[in-house]
Structure formats: structure tokens, C-alpha cells
Amino acid sequence: MTRRGVASILIAAVLVVPLGGQSPAPIDRVARVERWLSAVVHHRIGTLDAAAMEVAAWPNAQLSVLWDDLNALTLLMRHPDQQIIWVPLQTRRPEPVYPKPQALRLMVLACASAGIAETDRACLKNDVTASFDNDLRMLERAAVDGRGAGADNFVLKYGALLETDIALLAPASVSSVTRASGGGAHRFRVELTDGEAMNPHQSAVHWEIARMLLDAVRSSRTEPPAPARDAMVREWYIATARWMQFNVHYDLTHLDRARALFPDDREILFLSGTQHAIYATPRIQHALKSLVLPPGYAMDAKADVAELRQARTLLRRAVEVDPSFAEARLRLGRVLALEGQFAEANRELTVAERSATDETNRYYAALFLGAVHEATGRFDEARAAYERAGELFPLAQSPLAALAALARRRGDRPGALRAMQELVALPPNPELRKDPWWIYDIWHGRDADDRIDAVRRLFARESP
Amino acid sequence: MTRFHAAALVLFGAEIARGAHGGVAAQAPFKSRVEAVRVDALVTDHGRPIRGLGAADFEVFDEGVPQQVDLVSFEQIPLNVILTLDMSDSVAGERLDRLKDAGRSALATLEQGDQAALVTFSHAVAVRAPLSSDASAVRQALDEAAGAGETSLVDGVFTGMMIGESDAGRALQIVFSDGLDTSSWLTPAAVLDAAKRSDVVVYAVAVKSAVKPEFLRDLTSFSGGRLYELEKTADLSATFKAIIDEFRHRYLVSYTPRGVAKEGWHRLDVRVKRKGADVKARPGYLAGG
């Protein structure tokens with residue numbers, strides 16, 4: 001059992017940038033939006049098909065600008081007659097983002113995307129359907145139909161799922177780190193291997209695009225966006241956050257947005273808490289110390305004390321929302337123990353061990369309880385807890401090491417050697433070993449793929 | 001969930017493998033022994049070992065209380081050398097080859113009566129060869145050793161230390177790691193506590209990086225050993241040989257504590273009554289439960 005199937009960890013960074021900088025010519029931008037809409041129409045959800053591959057192949061810089069243009073599209077879908085403007089830092093005078101022909105074409109795309117080409121006054125006035133090609137006609141029909149997405153959410157939800165499939169299934173697209181400037185969304189990532197940070201790079205902003213699209217989801221055509229009232233959006237955040245943690249692709253921004261939308265959701269609180277707890281682990285903290293960031297960037301992982309505090313707050317809220325949430329109690333207990341709050345840790349872990357429904361979580365609870373008892377001088381209780389953990393997973397090295405260290409600490413050298421004897425007898429090949437401690441940081445994401453599949457099934461369809 | 005399914009299959013295999021290893025535990029050569037205070041001391045004059053000292057040349061102060069030195073030995077006591085080697089992801093290719101070469105070099109220096117053991121660690125700690133005077137068996141285990149994964153440095157060091165304690169011989173643990181701990185269950189504090197109770201001397205070799213190897217620094221300091229931070233692993237073999245050479249030139253000073261508490265931390269001060277003599281020994285020990 002390896003601790004993780006991949007050797008590297010990715011952490012998203014918070015990007016601190018002013019608007020400005022170079023971007024592709026406007027004609028390319030609107031044409032790219034049109035290509036993207038075609039991909040949404042043709043993409044088969046849950047696959048890395050030709051449509052997804054086309055979008056996945058676009059350079060990161062162009063995807064960054066696409067984020068801006070899709071943002072403009074979502075605004076025009078609600079108000080097709082509006083003009084998209086921006087305010088350059090240099091002049092501080094409002095300017096149209098798109099020249100008139102491109103602005104008009106973007107409005108056509110918005111009318112098709114929202115399924116309002118034949119109902120909205122501005123769309124009718126501009127006779128947008130006259131310039132529809134086959135893909136736009138398919139898009140408009142799908143948008144009117146909604147295809148399970150509701151209202152004008154077809155492009156938003158199917159587009160988000162296209163971007164999700166690319167993020168999950170396509171090989172990572174990386175580029176060298178550029179100066180922290182330029183509009184659009186940016187994603188800076190760093191790989192952590194064996195406790196060291198390396199290979200800082202910019203990566204594609206598929207998650208950012210998906211989040212932005214889902215932010216525009218609304219429950220009816222006449223209402224403003226209300227993603228927090230949408231069950232699919234909630235499920236999407238939970239499933240993707242679980243996937244990220246299980247696959248060691250850490251992104252606090254994702255969870256922050258989820259929590260802003262669903263502040264009292266037990267699972268989102270839980271996943272937010274586990275993410276902060278993971279950031280407090282030595283493998284992340286060690287790597288942070290070796291990381292040199294380019295100017296203008298800041299990591300979203302802080303010092304371990306701050307991360308543990310945040311983890312405790314979030315996990316405690318998860319338990320308050322659902323007192324029967326045993327796995328949240330387990331994780332909360334561990335965090336409390338690491339903070340030295342042993343009395344409360346003892347309470348949470350005791351409940352967690354009693355109510356855990358699977359062996360692995362019972363193992364964690366027993367192991368952590370052992371540490372709490374040991375820290376508070378209750379050595380007999382500590383030994384009993386470690387032994388319970390060892391009985392659940394006899395090939396796990398952690399309870400044996402804990403028992404040996406405990407005996408050594410008590411001056412019981414023969415006892416230490418007895419525990420060590422069992423450790424010596426473990427098979428040397430790590431693949432033949434079984435210590436859940438090694439996968440503690442991913443175990444809570446074990447059903448990620450099932451959750452992702454469940455979201456996809458809501459929208460599974462043949463290509464139009 | 002491909003990865004988890006893969007892990008589950010591995011776990012199933014592990015249950016079968018455990019049965020196959022059922023006989024190993026019974027053969028593990030652990031013996032208990034009577035507690036005594038032994039202090040390994042390196043005595044040098046301008047970096048060169050001073051030879052020929054006797055018990056009368058030493059002064060040992062336990063918590064400031066002068067002690068009667070019972071025995072001083074030099075060179076003639078066989079060594080137990082425990083190689084504790086990092087075999088995580090970062091040790092691969094040429095670095096792994098050099099590490100194995102260094103291990104072989106260390107084993108080649110063993111003399112009549114010496115014993116050696118091999119512990120490797122990635123996320124899993126593996127005792128590849130228990131303490132044995134058969135250096136060729138340890139060498140074979142080293143040749144066959146391979147690893148991948150994260151780094152359980154702290155768990156690995158503790159295991160090596162316990163192997164050192166399992167035999168009455170004079171124990172030297174040589175630790176190599178090119179990274180920082182990422183997956184141990186034991187905390188550095190717990191293993192430092194064990195080191196303060198142990199007479200195993202730990203020498204550690206780390207590869208220089210942006211992050212200081214604080215655990216190895218503290219560990220070697222508490223055990224009276226030494227930390228080497230190398231720029232490159234090309235020097236590993238020479239370093240391992242130098243460690244054993246230096247250890248052979250250490251005196252083993254033993255005494256029965258008198259006039260001090262039985263439990264708790266005991267500050268030690270080892271001196272040599274000779275001008276210019278520099279003594280390197282562990283700064284203290286932890287007694288009792």
C-alpha cells in the first residue's frame with residue numbers, strides 16, 4: 001500500500017495581479033468562444049473526446065483570456081443588449097472590450113447560449129438566427145430544452161462539466177511562470193515531491209472557468225444568478241473537492257468558493273477542514289520552507305499553527321451541523337490532539353472510534369487516541385489503544401512503532417524490543433504492507449470517483 | 001477509483017504474505033540486557049584521536065557529581081553497525097547506486113567480531129538484514145534493496161536505534177537521508193526522547209538543501225554523534241568509511257551512577273585530564289520511565 005499513488009502534490013497559489021497586459025486580438029477571442037461553444041455542444045460528458053481534446057490543447061494564456069470572454073458571455077446571456085466595457089489602469093477611461101462587429105457576434109452567441117434567440121427583444125431586433133450555423137442552431141435547441149440543466153443553464157452546466165472532464169482526464173498543460181500581470185484567470189502551481197517544492201509553473205484554468213460558469217447558474221430566466229440554490233452546483237463542488245484531495249491536487253480557492261455558496265453544508269465544511277489539516281502536515285510545511293515564489297505570487301497554505309486553527313474551526317462547524325458525522329469528529333479529534341487540546345480530542349476520538357462504520361476509520365481513531373493518552377501520561381490506556389489499532393491492521397507498522405516507543409519511554413526495554421520484533425517481522429516489500437496511516441490524507445476522498453460519476457449521470461446524453 | 005482499488009488489491013495480497021512470514025518473527029535475535037551508563041567519547045587533539053588513555057585519565061560528572069569510571073575501552077570492542085538508509089522517491093538512479101556503494105564500503109571495513117544490520121525506509125520501514133556478523137548477508141540485502149515512496153525518516157531512525165539496543169554490543173547507527181520526513185507516525189520528539197535513553201551513537205549524512213535537517217542535527221547531538229551535510233552524494237563512500245574510522249577511535253567509558261537521582265534527565269560532562277584534549281560525547285541521558 002503506497003501512501004499515495006502519485007509522487008507529487010500540486011498546490012494552487014493565490015495570484016495577486018492588476019488588470020492589464022497583452023491579450024490576443026479580439027477577433028481571435030470571439031472566434032475562440034464560438035469554438036468553445038461548439039465543444040460544449042459536441043462533448044460527451046465523462047470522456048476525453050475530440051471536443052474536449054481541442055479545448056485542452058489551447059495554450060494556457062488563451063484559456064486565461066477565454067475566462068474573461070466566457071464571463072462576458074454569461075453577462076450577455078442575461079442582458080444581450082448590454083455593452084461589455086473595461087477600465088484600463090493607465091487611462092482610467094471606460095472602453096469597449098470588443099469592437100462592434102465582434103461585440104455583435106458575441107451577442108449572437110449569447111442569444112444562442114441562453115436559448116432566447118426568438119424570445120428576447122434584442123436578439124430578435126438583431127435577427128441573430130440569420131447568422132446561426134449548424135452548431136449554433138444545435139446549441140440554441142439544447143439551451144431551450146435545458147437538457148436537465150434548467151432555465152438558461154445548459155451552457156453553464158454542460159460547459160462546466162466539459163471543463164471538469166478536461167481537468168480530470170486530460171494531461172496537465174503547464175507553461176513557465178510569467179510575470180504576475182495580465183487579465184483573466186491565472187493558476188500557479190508547484191509540485192511537491194518527497195517533501196521538497198519544485199517545478200513551479202502556470203497551469204490551465206479549467207477549474208476557474210468551471211467555477212465562473214457555475215456562479216452564473218440561476219433557477220429561472222427572470223431571476224439573478226443563484227448557484228447556492230442549485231443542487232447540482234453543490235454536488236459538483238463536493239465531488240470535485242473530494243477528487244482534488246484524493247488525487248493530491250490541492251486548491252483552497254475551490255473550497256473557499258464552495259463555502260461562500262454553501263456555508264452550512266456539512267461536507268463542504270468537512271472538506272475545507274481536511275484541506276487545512278493537510279496543509280499543516282510536515283510534508284507540506286517542509287516543502288513550503290524550500291519554495292521560492294516569483295514576485296507577485298503568494299501561496300494559499302500558511303504556517304501549520306494557522307492551518308490547524310482554521311481546520312479546527314471548520315471541522316467543529318461540520319460537527320455542529322451534523323453531530324452524527326463520525327468522520328468529521330475523527331478529523332477534528334486529530335487536529336485538536338495536534339494542537340495539544342487533549343481533553344476535547346479525547347472526547348471526539350472516543351465518539352469517532354465508537355461510531356465509525358469501517359475498520360480504517362476505527363484504526364485511525366484508536367491510533368490517535370493512543371497518542372492522546374500517551375501525551376497525557378495515561379500509558380496503559382495508550383498501549384491498549386495502540387493494540388486495538390494493531391489488531392485491526394496487523395501489517396501496519398505505525399501501531400508497532402508506537403508501542404515500541406511507548407515502552408521505551410516507560411523504561412520497559414524488553415517491551416520495546418517485543419514490539420520491535422513484530423515490526424522486524426513485517427515483509428520488507430512496501431507493496432505487501434498495509435498501514436492506513438500512509439493514506440490518511442486521502443482516505444476521506446475515497447468515494448470521489450463515485451461522486452463525480454453521480455454528477456455526470458445527471459447530464460449524461462448522446463451528442464446532439 | 002482506480003488508485004484505491006489498486007491499493008485494496010495490494011492489501012489482499014498482504015494478508016497472504018503475512019502468513020508466509022510467520023516464521024520470521026520467531027527468529028528475530030533480540031535479547032534484553034541490564035541497564036548501564038555507557039558513554040562513547042571521541043578524544044582528539046587538534047582533530048587527531050588521542051590513543052592510550054586509561055580510566056584514570058577520564059573524569060565523568062553526572063549532574064555535576066563526579067563518578068567512578070569503571071572501565072575505559074578503546075578499539076578492542078567489536079562494533080554493531082546499523083545502516084539506516086533512505087530509499088524514498090528522491091533516492092533513485094545514480095544516487096541510489098552511490099548510496100549502495102557507500103554501504104558496501106562501510107561493510108568492507110568491518111572486522112572480526114563486528115556485526116551489521118540494514119534498515120531501509122521509504123514510507124515503509126524495512127529491516128532488510130538483522131544484526132549479523134555475516135557481512136555478506138547484509139551486503140546481499142543491500143544489493144537487493146530498492147524503494148519508492150515518501151520518507152519515514154523518524155520511524156526508520158527509531159527502528160535502527162532499537163536494533164542497536166537489542167544487542168549488548170557497542171552500537172553505531174549510520175543514517176542517510178536526502179530529504180525531510182513526510183510520512184512517519186512517530187514524532188521527532190518521541191525519537192529524540194528514545195535517543196536520550198539510548199547508548200546508540202548516531203552519525204547522520206544528509207544532502208544539503210534549502211531546509212535544514214533539524215531532526216538529524218538534534219539526534220546526532222543528543223547521541224554524541226555527528227551530522228555530515230554533503231553537497232553531493234559522490235562523497236558518500238568516503239564519508240561512511242570516515243564515520244566508522246572515527247567511531248573506532250572513540251573510547252567507551254562506563255560507570256555506575258552514584259549520588260544522583262534514578263529518574264529524569266542527567267546532564268553529562270566527560271573530561272580528559274590532558275592539556276589540549278577535546279572530548280565529544282553525548283550531553284546527557286534520560287533515565288527511568
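**Entry 1: a helix pair across two chains**

I started with two helices and saw that H18(A) passes H5(B) in a left-handed crossing. The model is a predicted one. I noted the bounds next.

Which residues of H18(A) meet H5(B)? I listed A:Gln397, A:Ala401, A:Ala404 and A:Ala405. Their partners in H5(B) are B:Asp155, B:Phe158 and B:Met162. I then sorted the residues of this contact by class. Five are nonpolar, one is polar and one is charged.

**Entry 2: a helix pair within chain A**

I moved to helix H14 (residues 326-338) and helix H16 (residues 359-375), both of chain A. Their axes lie 10 Å apart, and the packing angle is about 25°. Why do I call this pair roughly parallel? Angles under 35 degrees count as roughly parallel, and this pair packs at about 25°, so H14(A) and H16(A) are roughly parallel to each other. I checked the handedness too: H14(A) passes H16(A) in a left-handed crossing.

H14(A) brings A:Ala326, A:Glu327, A:Leu330, A:Gly333, A:Arg334 and A:Ala337. H16(A) brings A:Asn361, A:Tyr364, A:Ala365, A:Phe368, A:Ala371 and A:Val372. By class, I have eight nonpolar, two polar and two charged residues in this contact.

**Entry 3: chain A as a whole**

I looked up the make-up of chain A. I found 21 helices and eight strands. Of its 464 residues, 53% are buried. I also looked at contacts between residues at least 6 apart in sequence; 68% of these join residues at least 24 apart.

Next came the domains. Domain 1 of chain A takes in 8-273 + 449-459, and domain 2 takes in 302-448. How far apart are the centres of the two domains, taken over C-alpha atoms? I read 41 Å. Across the boundary, 16 residues of domain 1 of chain A are in contact with 16 residues of domain 2 of chain A. On the domain 1 side, helix H9 (231-246), helix H11 (266-279) and helix H21 (448-459) each supply at least two residues. I classed that side of domain 1 as seven nonpolar, three polar and six charged residues.

**Entry 4: the domains of chain B**

I did the domain look-up again for chain B. Domain 1 of chain B is 37-75 + 251-287, and domain 2 is 79-248. Their C-alpha centres lie 25 Å apart. Twelve residues of domain 1 of chain B are in contact with eleven residues of domain 2 of chain B. Which elements give two or more residues to the domain 1 side? I found strand E1 (37-45) and strand E15 (284-287) of chain B. By class, that side of domain 1 has six nonpolar, one polar and five charged residues.

**Entry 5: one arginine**

I ended on A:Arg316, which sits in helix H13 (residues 304-321) of chain A. I counted 19 other C-beta atoms within 10 Å of A:Arg316. A residue needs 20 or more to be buried and 12 or fewer to be exposed, so A:Arg316 is partly exposed. I also checked A:Arg316 against A:Arg229. The two are 87 residues apart in sequence. In space they are 24 Å apart, C-alpha to C-alpha.

Notes. Residues are numbered from 1 along each chain as its sequence is written. Chains are lettered from A and ligands numbered from 1 in the order in which they are written. This is a predicted model: local features need pLDDT of at least 70, side-chain atom pairs count only at pLDDT 80 or more; totals for chains, interfaces and linings use all residues. Helices (H or I, at least four residues) and strands (E, at least two) are DSSP runs, numbered from the N terminus. Two residues are in contact if their C-beta atoms, placed from the backbone, lie within 7 Å. Domain bounds come from an automatic or database domain assignment. Ala, Val, Leu, Ile, Met, Phe, Trp, Tyr, Cys and Pro count as nonpolar, Asp, Glu, Lys and Arg as charged, and the others, Gly among them, as polar. A crossing is left-handed if the near helix is turned anticlockwise from the far one by less than a right angle, and right-handed if clockwise. Axes are lines fitted to C-alpha atoms, for helices over the stretch in contact, and angles run from 0 to 180 degrees between N-to-C directions. Angles under 35 degrees count as roughly parallel, over 145 as roughly antiparallel, 65 to 115 as roughly perpendicular and the rest as oblique.
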